[in-house]
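I opened this model to see how its pieces pack. These are my notes, in the order I looked things up.

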Amino acid sequence: MSMPKALRQMPAQAGRAGAARGEAARELASDEAEGPRHEPSDTGNPGAALLHAAFTRENLQQAFKRVKANKGAAGVDGLDIDQTATYLVTAWRGIREQRLSGTYRPSAVRRVTIPKPDGGERGLGIPTVVDRLIQQALLQVLQPILDPTFSEHSYGFRPGRRAHDAVLAAHAHVESGLQVVVDVDLDKFFDRVNHDILIDRLSKRIEDAGVIRLIRAYLNSGIMSDGVVQERYRGTPQGGPLSPLLANVLLDEVDRELERRGHRFVRYADDANVYVRSRRAGKRVMALLRRLYEKLNLTINESKSAVASVFGRKFLGYSLWVARGQAVKRAVAEKPLATFQQRVRQLTRRSGGRSMQQVVDGLRPYLLGWKAYFGLAQTPSVWRKLDEWLRHRLRAIQLKQWRHGPTIYRELQTLGAKPEVARRVAANSRCWWRNSGKLINSVLTLAWFDRLGLPRLS
């Protein structure tokens with residue numbers, strides 16, 4: 001059974017008339033008709049209805065669409081989205097009753113690690129699909145209430161805001177003359193969030209005790225690693241829909257203090273840059289930030305944080321440079337450039353046994369995504385060099401696929417090469433890289449790559 005069909009059999013919002021079809025649907029409809037027996041009264045308390053609003057049929061259906069669109073792996077129960085849909089047909093009534101009575105206990109999250117672009121590993125916690133559904137339903141109700149209360153200088157994981165906005169804001173601060181940055185990176189932020197402090201800050205914004213209780217249950221759910229469930233007393237692992245919102249709730253306190261003192265800054269999730277005019281001022285701001293984060297039981301990663309010139313630092317993959325006339329411009333930082341070339345090499349391994357069309361088809365999504373994210377870079381020459389390097393690599397791959405001199409000669413002739421050009425290229429059939437940067441350019445041209453659908457970066 002599909003998830004939408006399962007959700008249609010879930011209880012509708014109290015007071016809404018609906019025709020129940022089938023034995024299970026009649027049972028659920030009858031149960032709902034008895035009224036929300038365990039719901040707190042909302043008289044005089046505008047936040048008491050939040051938990052109920054999160055679990056209306058309409059909100060759950062919308063939450064499922066988002067969970068399905070995000071895809072993701074199964075949690076500790078091993079159930080994927082379709083299997084969870086079947087499970088919920090019979091299990092949802094019990095989950096709902098536990099949720100209303102405050103006795104629902106989320107499953108442990110499954111711990112996985114993924115490599116970081118700059119080395120090391122990042123830990124992720126994957127909740128079950130059921131828990132992702134419930135978290136997403138809560139998020140859809142809480143975000144419209146909480147997001148407007150956050151600082152305008154916060155950009156991470158917020159509706160209508162994106163990384164490009166943060167980069168442009170940082171650029172504007174530097175253009176105004178603030179060319180010293182207090183670059184702060186928090187050490188393992190998502191693993192070190194203090195539950196008591198977070199719940200205290202959240203309770204000041206949300207009055208619904210049921211919502212607070214459910215979020216506390218998610219924070220306390222264990223982590224399964226290597227088949228063993230470990231208890232958790234701090235942290236909100238990346239991987240759950242609620243984690244980014246809760247992170248903004250906690251860190252908004254620091255944002256407000258910086259605002260109160262008149263500082264110019266940009267924050268994206270746990271990465272914050274404060275822009276000042278001198279290193280002396282920057283050191284004072286760094287000392288202030290240490291005190292503010294200590295109050296939240298958070299630690300600054302000293303190896304990645306610094307008070308330094310903005311030129312030479314990176315923020316969200318971008319760096320800044322000074323062009324002629326002292327104009328400040330944006331560029332792709334060195335590490336993302338190196339990561340780009342490494343990833344292209346992985347996607348275009350020469351021994352893959354694929355046609356050039358298949359190689360380009362596999363490469364296209366990554367190129368388009370990378371170009372879209374780094375489209376703010378103001379470095380035309382870098383884009384041209386990347387394009388030239390990419391086409392050079394693909395030409396070498398094509399020569400290796402043709403492999404033998406007679407085959408190279410025949411294929412080049414088919415593509416319209418002059419006999420002399422085809423002969424000279426075929427004569428160096430084993431020198432794939434050197435051969436692919438010379439005469440063959442007149443045959444495997446830009447137009448040829450365009451016909452294959454290879455995106456141009458420049």
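**Ground rules.** This is a predicted model, so I kept local features to pLDDT of at least 70 and side-chain atom pairs to pLDDT 80 or more, while totals for chains, interfaces and linings use all residues. Numbering starts from 1 along each chain as its sequence is written, and side-chain values use heavy atoms, with hydrogens and water left out.

**Overall.** I get 19 helices and eleven strands. Both are DSSP runs numbered from the N terminus: helices are H or I with at least four residues, strands are E with at least two. Of the 458 residues, 49% are buried (buried is under 20% relative accessible area, exposed over 50%, partly exposed in between, with a 1.4 Å probe and protein chains only). I also looked at contacts (heavy atoms within 4.5 Å): among those with a separation of 6 or more, 72% link residues 24 or more positions apart.

**The three-stranded sheet.** I found an open sheet in the order S9-S10-S11, with antiparallel pairing; strands count as paired if DSSP finds at least two bridges between them. The edges are S9 (314-315) and S11, each pairing on one side only. S9 and S10 are joined by two bridges, and Phe315 has Tyr318 in S10 as its bridge partner. S10 (residues 318-322) pairs with S11 over five bridges, with Leu320 partnered by Arg330. The two form a hairpin with five residues between them, and Gly325 in the turn has a positive phi of about 80 degrees. Which part of S11 is covered? Four of the five residues in S11 (residues 328-332) are buried.

**What lies across it.** Helix H7 (residues 163-175) lies across S9, S10 and S11, at about 145 degrees to S11. I fitted axes to C-alpha atoms, for helices over the stretch in contact, with angles from 0 to 180 degrees between N-to-C directions. I picked His164 in H7 and found it buried, with a relative accessible area of 10%. Beyond residues up to four places away in sequence, His164 touches Tyr318, Ala372, Tyr373 and Leu376.

**A helix pair.** The axes of H9 (residues 195-203) and H10 (residues 209-220) come within 11 Å and cross at roughly 160 degrees. H9 and H10 are therefore roughly antiparallel (over 145 degrees; under 35 is roughly parallel, 65 to 115 roughly perpendicular, the rest oblique). Residues meeting across the pair include Leu198 and Ile199 in H9, and Ile212 and Ile215 in H10.

**Cores.** For a nonpolar core I took buried Ala, Val, Leu, Ile, Met, Phe, Trp, Tyr and Cys residues joined through side-chain atoms within 4.5 Å. The largest has 67 residues, and Leu142, Phe189, Ile215, Leu289 and Tyr293 touch the most other members. Helix H6 (residues 129-146) gives this core its largest share, ten residues. Apart from it lies another core of 55 residues, including Trp402 and Leu452. I checked Phe189 too: leaving aside neighbours within four places in sequence, its contacts are Ala247, Leu250, Leu251, Asp270 and Leu298.

Met224 sits in strand S4 (residues 223-225) and is partly exposed, at a relative accessible area of 25%. Leaving aside neighbours within four places in sequence, the contacts of Met224 are Val76, Ala108, Val109, Arg110, Arg111 and Val229.
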